[in-house]
Structure formats: structure tokens, C-alpha cells
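This report is meant for a reader who is meeting this structure for the first time. Please keep the sequence and the model in view while reading.

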Amino acid sequence: MTPVFQDSRLEPIRQKVEAGKRLDYADGVALYRSPDLLGVGWMANLVRERLHGDHTYFNVNRHLNPTDVCVASCKLCAFGKRARDPKAYTMSLEEVWEKAGHGYSEAVTEFHIVGGLHPELTLDWYCQMLRGLKERYPQVHLKAFTMVEIGYFATRSKLTHREVLIRLRDAGMDSMPGGGAEIFHERVRRIICDHKITGDQWLEVARTAHELGLHSNCTMLYGHIETEEDRVDHLVKLRRLQDDTQGFQTFIPLAFHPDNTDLHHIPSTTGFDDIREIAVSRLMLDNIPHIKAYWVMMTPKIAQIAQRFGSDDIDGTLVEERIYHDAGATTSQNLRRGDLMRLIREAGREPVERDTLYRPVERTENVFTVLV
Ligand code: V47
């Protein structure tokens with residue numbers, strides 16, 4: 001049964017959503033401005049259930065951050081450090097390979113690998129790292145490097161983005177995470193991350209990766225100095241690229257965590273904004289299959305509620321998370337497979353363990369099989 005919305009301005013949007021029609025820029029702004037979270041969430045849930053029924057996806061993954069040394073000094077970030085900072089670290093190749101196998105008893109299906117823009121590590125070093133991981137953990141999918149890291153490797157090695165991507169792919173990179181997109185609008189980028197590649201360059205690297213057959217995710221960092229229009233502009237740009245390439249698997253809205261950053265005066269996002277962001281993303285990104293509620297960033301409780309407001313994915317076990325915990329996240333650094341399944345079941349959804357490419361995974365004890 002269709003409910004009556006409190007905000008009558010949502011009615012024309014509801015008609016489009018029910019008819020499966022694409023929402024436009026003005027619809028996106030109206031969704032962000034509406035206080036009728038239940039109305040917006042009802043529509044997002046309709047789309048989510050059309051696409052995925054009751055399934056909520058999760059995976060058993062491990063984050064690896066080989067270095068936090070970074071030349072960029074982004075105001076938004078608490079993770080990156082200058083090379084001379086006594087707290088900065090850079091792992092040796094052996095340390096990366098050893099850490100990958102550490103500290104967790106359930107066999108992981110994915111390593112999620114990102115790091116700072118290190119001024120001395122070479123592209124060859126990163127290729128060796130990937131080869132070494134593949135040799136030691138051949139069954140594990142390597143989801144590695146943001147578009148920003150690719151841009152930096154290209155500048156440093158004097159190669160094109162395409163050449164860098166080909167070298168990394170040939171060394172074992174299977175797909176790419178969605179980080180570094182922040183907000184594409186240049187006015188915002190100049191303030192929060194002025195040393196990163198531009199929004200257009202981020203989109204161009206993603207396009208090239210997709211053309212080479214690499215899937216990736218995409219993100220948006222919200223809850224800092226951006227406007228609602230900036231958020232809609234960002235989503236529409238992602239949607240436009242996806243129309244061309246079909247290469248994005250999952251969109252992950254990332255709530256800004258201000259602690260220990262140069263923007264520490266900005267208050268954290270609220271639960272209302274986090275849930276609404278999930279719902280608006282689901283409605284605007286009609287061509288991106290999955291919307292992830294990243295539990296580390298949202299808290300497990302909000303990520304669970306998001307499963308009824310447009311999200312169909314809750315991320316994974318992680319094992320050890322650095323980027324958000326350096327920025328003051330108070331969530332745990334890992335959750336076990338059983339914890340994730342309980343959160344999903346109690347939201348009335350059916351947990352589906354997936355690999356990075358969303359193929360179902362079957363487990364007996366600690367051995368997993370990807371069902372194709
Ligand atoms: O690129 C950095 C953001 C991203 C802060 O692809 C911050 O499956 C909030 O991209 N507050 C890294 N956000 C995380 C990321 C990600 C996470 C989970 C899954 C996937 C995926 C990707 O975090 C960075 C940046 O956009 N970030 N600092 C901060 N203080």
C-alpha cells in the first residue's frame with residue numbers, strides 16, 4: 001500500500017520512482033531539502049527491493065594500508081602524515097605480505113588496499129607488493145588503489161593513467177575501491193583537498209579503468225562545507241559516467257569525521273543526514289547496482305537501519321581500519337562474520353556473503369567457495 005507523504009512536494013518524485021523514471025537535478029535537491037525522511041526512505045526502499053529483494057550483501061575482507069606518508073596534506077584527512085612525522089609509518093614489502101595473513105581466523109576473500117601518496121615508493125614497488133600478495137594468497141581478490149593514487153603514480157612515473165592501470169592490473173590488481181572522489185566541485189575541492197587530482201581527473205581515471213575491464217566503486221564525502229547542490233552535482237556526474245561504462249559496482253556515501261583534521265571545527269553529521277544520504281543516493285543513482293552503508297563510518301546501528309532506507313550492502317569484517325579511526329571514529333575496528341549476519345537478520349533482511357564482484361560465497365569452516 002502506498003503511504004501518504006507528509007511532504008506533498010515529494011508527490012511528483014514518487015510518481016517518477018513508481019514508474020521507474022530517472023530523477024533530475026531539481027528532484028535531487030528537493031529530496032535533500034525534504035524533512036520527510038520516511039517519505040524519501042519509502043521510495044528508496046521501493047527501488048532497493050526492486051533490485052535486490054531482501055538480500056543484504058557483506059564480505060569477509062581485510063584492510064591493508066601500506067603507508068600513511070602522504071604528500072597531499074588534505075584538510076579533510078587525519079590519516080596522511082608528512083614523511084618526517086615521527087608517527088608516520090611505511091611497511092616493507094615483507095611486512096605488507098605478513099600483515100595480510102595476520103590476526104583473523106576467518107579466511108578473507110578480499111584485501112582492500114589504499115595508502116598515502118608516498119614521495120619515494122615506486123610503481124615497481126607497488127607491482128611487487130601485488131605480485132607477492134597474489135603468490136601468497138592466490139584466492140584473495142585485490143581491490144587496490146584509489147583513482148587519486150593512480151593519478152599520483154602516473155605523475156611520478158611519467159606514464160599515462162592507462163599505462164599505470166595496465167601495469168597494476170597485470171601485477172594482480174583485480175578491481176578498485178571508490179575513495180578519493182570527495183566532492184567533485186572545484187570550489188569545494190580547493191578547500192578540502194587542494195593537492196589531489198581534480199574531480200574531472202578522478203572521473204577520467206575511473207573511465208579508463210572501466211575501459212580496461214576493471215570494476216570499481218565510487219564514493220562521496222559529505223557533511224563538511226559542501227551544499228546540497230554540490231552533492232546532487234556529484235551524484236549526477238557519477239551517474240553520467242556509469243551510463244557510458246557500467247563499471248561502478250557500488251556507491252558508498254562517506255560521512256566526514258572531523259576529529260584530528262584541519263576542519264575539526266565542523267560538527268559531525270547526524271543520524272538523520274546519514275540515513276537521508278543513503279536514501280537520496282539510491283534514488284538518484286538508478287544505474288549503480290549497490291549502495292553500501294559502511295558500518296565503520298555510520299556505526300553498525302545506523303548501517304543496520306540503512307538496510308530499510310535504500311542500502312543493500314554493509315561492507316565487511318575489515319580486521320583493522322585506520323582512516324576513520326585516525327579521524328576519531330569510535331566504532332570497533334572489526335566485526336566478525338556472525339556479527340554482520342545478526343545485524344542484517346535483525347533488520348529483516350537475508351544476509352548474503354559475497355566476494356568483491358558480488359558472486360555468492362559458500363563456506364564450510366574456514367574454506368570458502370565462490371559460486372559462479
Ligand atoms: O578516500 C578521509 C575518506 C576515503 C576522512 O570502495 C574521510 O568499498 C571521513 O574510500 N572523514 C577512504 N572520510 C575510505 C573509502 C572506502 C571505505 C569503505 C569501502 C570502500 C570501497 C571505500 O575516506 C578517502 C576519503 O574520501 N576520508 N578522511 C575523514 N576525516
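G199 lies in helix α9. The model is a predicted one, and within it G199 has a relative accessibility of 0%, so it counts as buried, the cut-off being under 20%. Leaving aside residues up to four places away in sequence, G199 touches F184, E186 and R189. G247 stands 48 residues from G199 along the chain, and the C-alpha atoms of the two are separated by 17 Å.

| Helix pair | Angle between axes | Distance between axes | Handedness of crossing |
|---|---|---|---|
| α9 (residues 199–211) and α10 (residues 228–245) | about 20° | 10 Å apart | right-handed |
| α2 (residues 25–33) and α10 (residues 228–245) | roughly 135° | within 9 Å | right-handed |

Angles under 35 degrees count as roughly parallel, and α9 and α10 therefore fall into that class. The crossing of α9 and α10 is right-handed. On the α9 side, W202, L203, A206, R207 and H210 make the contact, and on the α10 side the residues are K237, L238, L241, D244 and T245. By class, the contact of α9 with α10 comprises five nonpolar, two polar and three charged residues.

The second pair joins α10 to α2. Their axes come within 9 Å and cross at roughly 135°, and the two helices are therefore oblique to each other. The crossing of α2 with α10 is right-handed. From α2, the contact is formed by Y25, G28, V29, Y32 and R33; from α10, by E228, E229, R231, V232, D233 and L235. Five nonpolar, one polar and five charged residues make up the contact of α2 with α10.

A further helix, α11, covers residues 271–284. Among the buried residues of α11 are D273, D274, R276, E277 and R282, together with I275, I278, V280, L283 and M284. A279 and S281 of α11 are buried as well.

Technical notes:
Residues are numbered from 1 along each chain as its sequence is written. This is a predicted model: local features need pLDDT of at least 70, side-chain atom pairs count only at pLDDT 80 or more; totals for chains, interfaces and linings use all residues. Side-chain values use heavy atoms; hydrogens and water are left out. Helices (H or I, at least four residues) and strands (E, at least two) are DSSP runs, numbered from the N terminus. The expected span of a helix is 1.5 Å times one less than its number of residues. Buried means under 20% relative accessible area, exposed over 50%, partly exposed in between (1.4 Å probe, protein chains only). Axes are lines fitted to C-alpha atoms, for helices over the stretch in contact, and angles run from 0 to 180 degrees between N-to-C directions. Angles under 35 degrees count as roughly parallel, over 145 as roughly antiparallel, 65 to 115 as roughly perpendicular and the rest as oblique. A crossing is left-handed if the near helix is turned anticlockwise from the far one by less than a right angle, and right-handed if clockwise. Contact means heavy atoms within 4.5 Å. Ala, Val, Leu, Ile, Met, Phe, Trp, Tyr, Cys and Pro count as nonpolar, Asp, Glu, Lys and Arg as charged, and the others, Gly among them, as polar.
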